[in-house]
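Here are some friendly notes to read with the model open beside you. Take them one point at a time, and look for each part as you go.

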Amino acid sequence: MGREFDDGFAEFVTQWSPALLRVAFLLTSDRGEAEDLLQTALLKTSRHWGRLNDREAAYAYVRRVLVTTHTSWRRRRRVHEVLLDQFPDHPTGEPTTIDAGRALQALEQLPPRMRAVVVLRCYEGLTEAETADALGCSVGSVKSQASRGLARLRELLDQSNTILATEGAR
Amino acid sequence: MNDLDLRTALHRDADLVGEPSPDLLDQLVRRRQHQRRQRAGMLTSAVAVVVIAAGIPIGTSLLARSDGGPATDPTPTVSTEAPTPSTATPAPATTAPPSSAVPAPTPTAAVEAEPAAPVLGPDGLGSLRLGMTRDQAEATGLVEPFRNEPSSSQCLWSSALTGAPAGEGTVLHSETLGVATIDAYPGVQTPEGITFGSSLAAVESAYPGLVLHDPGFDQNSRTGRGYAPVPGNSEAVYRIVFDDATVVALTLQYGRQDCYE
């Protein structure tokens, strides 16, 4: 295995894949799809590994591949589902959307691009410009999508809180 | 719900995914080997097709279409999506009528012609101009009503070009500059013919002063942003985003805009 990838790649995967998997999970809501997305992003990155300057740049690179690959998958959903059949290695019986929390369920109500903006801004803590770089879009688009996405997310979670409070009072 | 609550909720839910599979590296190795076998198989097939076709260019077409989907290399040598225009720069929309005695074209020809693509630059888009107040911009009918959005910058109001797909064509208004940035959307082009899908080479040809941002542009993947001077407007620049050397976002903005970066 050591000869399969360039120096340092395996260590990078070991160190950073837990954080990257969480980002993938917030984008997909599904453990199996998140793992597939992460693996795909890591494989794409491995081909450019020797030219990435430092580990921080590598993390940002994988994260960008993660979000752009996810957007691409959304466009080619049917192709993706066919390919998944070729890789039955995913763990089964893991938590899926059924077990997901309320923030995750609220995220699912957002369009894919808006969801990615919210995850990168609010979860990863990127600036508007960094988010635009990661998504390959204009900063204006990030500004408006973040504003609307966060407002929608708060609205959904507040609604959810109200319902829970009402049910709890019965 | 405040920002901290929201952040906490996202972190809590992200943790629901648990840890990556312990054999993640083994899985990566298997997928890489699988891809290599697929590529080797495709290459063999493609060579066979080329030999059988004896010069008919179907072989290269099949090779390009056998990319294999999302689990494969993101930078195939031939793209089957997002057609890239040639590097030749289309002439601006102004087509001078012939001055000779040639009869005017018949009206039916004009009716059948496709409407011209909206042009972004050098001063704005149509009657919408950089520097306009919100009222002036809305009066053009080219933008949606502005929305107030909390921001740490001077740009507290944003709008979108009417007709733009959701999330595209954003227009930002600065408290100090007026309309400060106008985003293109697919179908909009610059006077020099640059649009979504244009190649990096075409942009460099149209705008020799293009500066690719460091570190905002990654030379390996030819992905990231650059800035080009706007011919005919020394106060403005084009902010252009590339993905794999192809334009995926385009903004006309004041060089001194105070909305971001």
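**Notes on a predicted model**

1. Let us begin with one strand, E5(B). B:Thr170, B:Leu172 and B:Ser174 point one way from E5(B), while B:Val171 and B:His173 point the other way, and all are buried. In general, side chains in a regular strand alternate between the two faces of the sheet. Please keep in mind that you are looking at a predicted model.

2. How enclosed is E5(B) by the rest of the structure? Five of the five residues of E5(B) are buried, so the strand is largely enclosed by the rest of the structure.

3. Now look at the strands on either side of E5(B). Strand E4 (residues 157-160) of chain B is joined to E5(B) by four bridges, and the two run antiparallel. Within this pairing, B:Ser158 has B:Leu172 in E5(B) as its bridge partner. Four bridges also join E5(B) to E6(B), again running antiparallel. A hairpin through three residues joins E5(B) to E6(B).

4. Next, step back to the whole sheet. In chain B, eight strands form an open sheet in the order E3-E4-E5-E6-E10-E9-E8-E7, with antiparallel pairing. Its edge strands are E3 (147-148) and E7 (211-218) of chain B, each pairing on one side only. In general, strands of a sheet pair through backbone hydrogen bonds, either parallel or antiparallel.

5. Strand E6 (residues 178-183) of chain B pairs with strand E10 (residues 246-254) of chain B in the antiparallel sense, over three bridges. You can find B:Asp183 there, with B:Thr251 in E10(B) as its bridge partner.

6. Turn now to chain A and a pair of helices. Helix H1 (residues 9-28) of chain A packs against helix H6 (residues 112-123) of chain A at an angle of about 140°, and their axes are 9 Å apart. The crossing of H1(A) and H6(A) is right-handed. From H1(A), the residues A:Val23, A:Leu26 and A:Leu27 meet A:Arg115, A:Ala116, A:Val119 and A:Tyr123 of H6(A). The residues of this contact divide into six nonpolar, no polar and one charged.

7. Which residues touch the most other members of the largest nonpolar core? In this core of 96 residues, they are A:Ala24, A:Leu26, A:Leu38, A:Leu66, A:Val118, A:Val119 and B:Val203. H1(A) gives the most to this core, with ten residues. Leaving out residues up to four places away in sequence, A:Val118 touches A:Leu107, A:Leu110, A:Ala146, A:Gly149, A:Leu150 and A:Leu153.

8. What does each chain bring to the contact between them? Chain B contributes 53 residues and chain A contributes 61 residues. On the side of chain B that touches chain A, at least two residues come from each of helix H1 (3-14), H2, strand E5 (170-174), E6, strand E8 (223-230), strand E9 (233-243) and E10 of chain B. The residues on that side of chain B divide into 21 nonpolar, 16 polar and 16 charged.

9. Finally, find B:His34 in helix H2 (residues 24-53) of chain B. The C-alpha atoms of B:His34 and B:Gly209 are separated by 44 Å, and the two residues lie 175 residues apart along the chain.

Definitions and conventions: Residues numbered from 1 in each chain as written. Chains lettered and ligands numbered in written order. Predicted model: local features only at pLDDT ≥ 70, side-chain atom pairs only at ≥ 80, totals over all residues. Pairing = 2+ DSSP bridges. Axes fitted to C-alpha atoms, helices over the stretch in contact; angles between N-to-C directions. Left-handed = near helix turned anticlockwise from the far one by under 90°. Contact = placed C-beta atoms within 7 Å. Nonpolar A, V, L, I, M, F, W, Y, C, P; charged D, E, K, R; others polar. Core = buried A, V, L, I, M, F, W, Y, C linked by C-beta atoms within 7 Å. Buried ≥ 20, exposed ≤ 12 C-beta atoms within 10 Å, placed from the backbone.
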